[in-house]
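Thanks for coming. Please look at the model first.

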Amino acid sequence: MISKHDIIQKFTTVSLVFLLSLMVLGCDNRKFNNINLDNESILSSPAENSWLQNHIPKNDSTNKSRDYEVYRCSKDSNYNINKEQKVSLDLFETDLREALVELSIQIGYPILIDESVNSLISATLDDVALVSALEILLVASNYSYLFDKNYILVGASETDTASFEKLSKTCRYKPRYMSSEALFETLSDQQQQYVNIPEGSEFLSIHAPSMIQDQILSSLELHDEELKQVILELSIIEVSREAMQVLGISWDRPMSVTYDILKRPILLRSMRALQRQGKAFIKTMPSIVSKDGHQAHFESKYTTWLPYPTKNNFNSSQRQEVSYGIELKVTTNIATDGRVNLEILNAKVSDLLRTKNNEHVLISHQISNTVDVQDGDYLVLGGLIQKKKTSSEEGLPFLSKFNPMRLIFSEHQTNEDETEILIMIRPRII
């Protein structure tokens with residue numbers, strides 16, 4: 001049985017924790033946005049934990065909308081008219097000033113018209129909201145409106161007019177993904193005159209009438225989006241020319257640099273068949289990540305020092321640095337239909353070969369191309385042909401190893417193999 005002393009002690013503990021929580025929350029509510037209590041806490045009773053959890057005030061950060069954080073404007077002035085009241089107008093080549101006067105009489109509210117307003121309008125408005133009627137009447141001209149406490153002002157949107165300051169409000173836009181400078185450059189010349197970037201700040205300040213504010217905001221939100229990313233799965237493979245039929249690839253011109261696009265299942269089956277037959281050798285299979293519209297760079301090279309060549313022979317006392325291997329530069333652009341445009345700026349494959357005179361020769365091939373590939377398919381670049389010479393010697397054991405007998409009991413054979421380097425690129429949108 002629980003004694004009276006234990007009940008008082010538990011009640012005191014609950015009250016103390018509750019009061020301390022309120023004090024801390026009062027100092028900084030953000031630190032305790034989500035508080036989860038468990039049965040291992042200082043309070044031994046689950047019922048007490050549940051009661052305390054329900055009575056701790058929460059700071060609901062979801063009340064702050066994304067628009068409020070990104071786009072914030074100065075407060076609009078108070079006005080005494082209902083923007084949604086219905087109006088009707090039937091206009092044909094009517095002077096805009098006369099149309100606005102007629103609208104003012106219909107709503108029983110003064111409309112002040114700047115002297116710069118001067119154009120003809122044709123429109124039929126049947127029981128539409130007042131704010132919609134104003135937008136329709138002014139959309140074809142560079143005019144704006146403002147609801148004030150005692151009147152509606154209509155004037156030109158040019159910065160050098162007398163009514164511009166009265167019509168305008170100031171808003172700021174804080175970019176989410178792009179820099180403020182880069183985002184500013186996406187605006188048209190007409191829009192840029194209303195926008196500036198305060199020195200040392202990370203936001204754009206927009207000073208313009210409401211209709212222009214809406215246009216600029218739409219443009220900013222269109223460009224200020226998180227860039228998608230593309231994984232480029234690369235495979236650098238060396239195959240024999242005869243093995244190309246196994247892959248199902250046939251170039252239009254055998255000696256040209258060209259490409260083909262293969263579906264993933266077809267290519268994987270073909271590559272497995274080539275590997276089993278020993279007709280394919282995978283040099284490297286890296287993967288790199290690139291943002292949409294950005295350049296990706298991959299490089300895998302070997303560096304060695306070789307004797308410096310002279311006119312007649314190699315000077316063994318002087319050496320030069322030689323690098324060879326694989327280098328790839330490609331820019332990815334994602335289309336709306338799931339295709340990936342690959343702009344191959346530089347795909348370079350080089351190798352260091354040894355000639356029959358024991359001399360080193362650097363062989364290099366380079367590709368530049370622009371191709372559209374479906375997400376998940378393979379782009380295969382080919383035509384990088386190189387020839388390798390291999391020497392073999394056969395003869396009777398023991399006898400062929402003695403120099404005088406080698407000419408009689410051994411056979412020397414030199415084979416020239418023609419191989420092709422394939423660069424396979426598989427883009428995957430993430």
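The protein chain has 12 helices and 19 strands, where helices (H or I, at least four residues) and strands (E, at least two) are DSSP runs numbered from the N terminus. This is a predicted model, in which local features need pLDDT of at least 70 and side-chain atom pairs count only at pLDDT 80 or more, while totals for chains, interfaces and linings use all residues. Residues are numbered from 1 along each chain as its sequence is written, and side-chain values use heavy atoms, with hydrogens and water left out.

Of the 430 residues in the protein chain, 37% are buried. Buried means under 20% relative accessible area, exposed over 50%, and partly exposed in between, with a 1.4 Å probe and protein chains only.

Now to helix α4, residues 96-107. Its 12 residues should span 16 Å at 1.5 Å a residue, and its end C-alpha atoms are 17 Å apart, which agrees. The expected span is 1.5 Å times one less than the number of residues.

Which residues of α4 are buried? They are L96, A99, L100, L103, S104 and I107. These cover an arc of only 140° around the axis, so they sit on the same side of α4; the arc is that of the directions from the helix axis to the C-beta atoms. As background, an α-helix has 3.6 residues a turn, so residues three or four places apart point the same way. E98 and I105, on the other side of α4, are exposed.

The buried residues of α4 pack against α5, and also against β2, β3, β4, β5 and β6. Contact here means heavy atoms within 4.5 Å.

Take α5, residues 130-138, next. α4 and α5 pack at an angle of about 175°, with axes 11 Å apart. Axes are lines fitted to C-alpha atoms, for helices over the stretch in contact, and angles run from 0 to 180 degrees between N-to-C directions. That makes α4 roughly antiparallel to α5, the label for angles over 145 degrees.

On the α4 side of the contact are L96, L100, L103 and I107, and they meet L130, L134, L137 and L138 of α5. By class, the contact has 8 nonpolar residues, no polar and no charged. Nonpolar covers Ala, Val, Leu, Ile, Met, Phe, Trp, Tyr, Cys and Pro; charged is Asp, Glu, Lys and Arg; the others, Gly among them, are polar.

In α5, the buried residues are L130, V131, A133, L134, L137 and L138. They fall within an arc of 160° seen down the axis, so they line one face of α5. Their cover includes β2, α4, β4, β5 and β6.

Key:
Angles under 35 degrees count as roughly parallel, over 145 as roughly antiparallel, 65 to 115 as roughly perpendicular and the rest as oblique.
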